[in-house]
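Me: I would like to go through this model by question and answer. Please start with the metal site and then move to the strands.

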Amino acid sequence: MKQKNNETVSKLKIIPLGGLEQIGMNITAFEYEDSIIVVDCGLAFPADDMLGIDLVIPDITYLKENIDKVKGFVFTHGHEDHIGAIPYVFKEINVPLYATRLTMGLIENKLKEHNLTNKIRRKVVKFGQTINLGCFRIEFIKTNHSIVDAAALAIYSPAGIVIHTGDFKVDYTPVFGDAIDLGRFAELGRKGVLALMCDSTNAERPGYTQSEKTVGKTFDHLFTEHASGRIIIATFASNVDRVQQIINSAYKFGRKVVVEGRSMVNVIDTASKLECLAIPENTLIETEQLKNYPDEKTVIITTGSQGESMAALSRMANGTHKKVSINAGDTVIFSSSPIPGNEKAVTKVINELSRKGATVIFQDAHVSGHACAEEIKLIYTLTQPKFSIPVHGEYKHLKAQERLVRDLGYDKENIIILSSGDVLELNDDGAAITGKVTVGGIYVDGLGVGDVGNVVLRDRQHLSEDGIMIVVMALEQGTGTLMSGPEIYSRGFVYVKESDELMDEAHRVVSDAVDRCIDRNVTDWGKIKSSIKDALSDYVWKKTKRRPMILPVIMEVS
Ligand SMILES: [Zn+2]
Ligand SMILES: [Zn+2]
């Protein structure tokens, strides 16, 4: 309980370390005196201009600097934007993890892949159960989302109760398990809630998000309508509820199910082991067995609903998938809506599928996993928080939630729009942003974490736009006499075979530049290189209005 000695009543600090500039990379620290707990540890997928970057993970400098205070991480659910950065972050810090059953199952897959299984303590938490971490107590509350075992968190601190909804929607007829525990939200509201941190993803959309079950009905219709051929359905690997409904429809219509795509196979495997997915016996078959069944008796569930070029669906569409090729008569259902930015890639896949004779279905085979306006208002009405802190979204989504909360009669001062890195201090008497900590995205490229920064990205951008020219030559040791070259190689600049004249002329320009240096007895290689660069780049610009990267290489021979 809060001490009212008027002097130093500590405040609760809420510090988002990511997740407020984009959808992705969710991670938030809660700090009270010498205790810190962290909610979620997600990754973001790279933007279009981050060439060659695989993923983006949060900068956790603040946690490393305060590691003695960090009591543990708690997780809302098993989506990549909430658990995806765990293997990278937990190579640097080691504190216990707490999550519900399926969330922990998916976390354990990641730890296993990175050989961290035995190093990190963890505990599976049930709904309604609370855990104590330092001066915090955390209760896991049942919600609905597009994956089983999604939780909201009630975080009890000496400064008051904060509710974090996680990603949620209100689904009275969920595919698996119970409906959201609205009663608990109401009970907490009666106790008094200091702040509500609520999912903003769909705050711009009026009304209610439909039940996931409506998609099941759509599948039944589609299976009836397209009874004569094979059905291929693309969705997110992590949308476990959707996968369940596809399996239900397949079973109902006597079709065997094949699962394609590594992430899809992993998630389905984990979910069915934990009994979060019910697969009737003899329903799943291996891809190799497809040929033993007529087309109209099979369904393929696959990754690639976002047009990702390496995913199974794209490979089927462009004919590079080893085991499945698209035939006329196939029906391909996209059971997802494209994430902004992916529309072009999705269109490309649709065109390729259509060209091969497949019927492509895009409508109505998806509902969102996030609460719309009326559901957000419901949660506010039940919990009656003193402060509103919209989370999970781009700025415009956070502002949309602010408008909803204003409609509910909240004052502007009680709605706090944070940026990642802000330190919000609050208690019953008030809330204010009092500082800023280091935050940012760290790029992961292959095995390298953080070794690709802005300089490297700029080079990649440059190479991708104008290509490269490499000038190679050999100088004699001591005398500096030209022994061989210069030779010019280029990639991504012009098609050399059709640009004889240009390349010949470029060669002459480089030779002249080298000769001039030799005549003037220039022996400093740096100077020779920059003369070559200047001369060649001037010439190329004049002739082509392009600026390829120019890389002179000088070898010394004796
Ligand atoms: Zn989610
Ligand atoms: Zn999310």
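Me: What is the geometry of the site of the zinc ion (ligand 1)?
Reply: This is a predicted model, in which local features need pLDDT of at least 70, side-chain atom pairs count only at pLDDT 80 or more, and totals for chains, interfaces and linings use all residues. Residues are numbered from 1 along each chain as its sequence is written, chains are lettered from A and ligands numbered from 1 in written order, and side-chain values use heavy atoms, without hydrogens and water. Four donors count as tetrahedral if all angles lie between 85 and 135 degrees, four as square planar and six as octahedral if opposite donors are over 155 degrees apart and all others between 65 and 115, and anything else is irregular. The 4 donor atoms here make angles of 88 to 166°, and the site is irregular.

Me: Which residues coordinate the zinc ion (ligand 1)?
Reply: Donors are N, O and S atoms within 2.8 Å of the metal (3.2 Å for Na, K and Ca); water is not among the atoms, so sites may look incomplete. Along the chain the donors follow the spacing H-x1-H-x65-H-x21-D. At 2.1 to 2.4 Å, the coordinating residues are His77 (NE2), His79 (ND1), His145 (NE2) and Asp167 (OD).

Me: How many residues apart in sequence are the parts tied together by histidine 79 and histidine 145?
Reply: Helices (H or I, at least four residues) and strands (E, at least two) are DSSP runs, numbered from the N terminus. Histidine 79 lies in the loop between strand S5 (70–74) and helix H2 (80–83), and histidine 145 in the loop between strand S9 (136–142) and strand S10 (151–157). The pair therefore ties together parts that are 66 residues apart.

Me: Are histidine 79 and histidine 145 buried or exposed?
Reply: Buried means under 20% relative accessible area, exposed over 50%, and partly exposed in between (1.4 Å probe, protein chains only). By this criterion histidine 79 and histidine 145 are both buried.

Me: Which residue coordinates both the zinc ion (ligand 1) and the zinc ion (ligand 2)?
Reply: The two ions are 3.4 Å apart. The residue that coordinates both is aspartate 167.

Me: Which strands stand at the edges of the open sheet of 6 strands?
Reply: Two strands pair if DSSP finds at least two bridges between them. The order is S8-S9-S10-S11-S12-S18, with mixed pairing. Each edge strand has a single partner strand, so one side of each is left without a neighbour in the sheet; these are S8 (130–133) and S18 (387–391).
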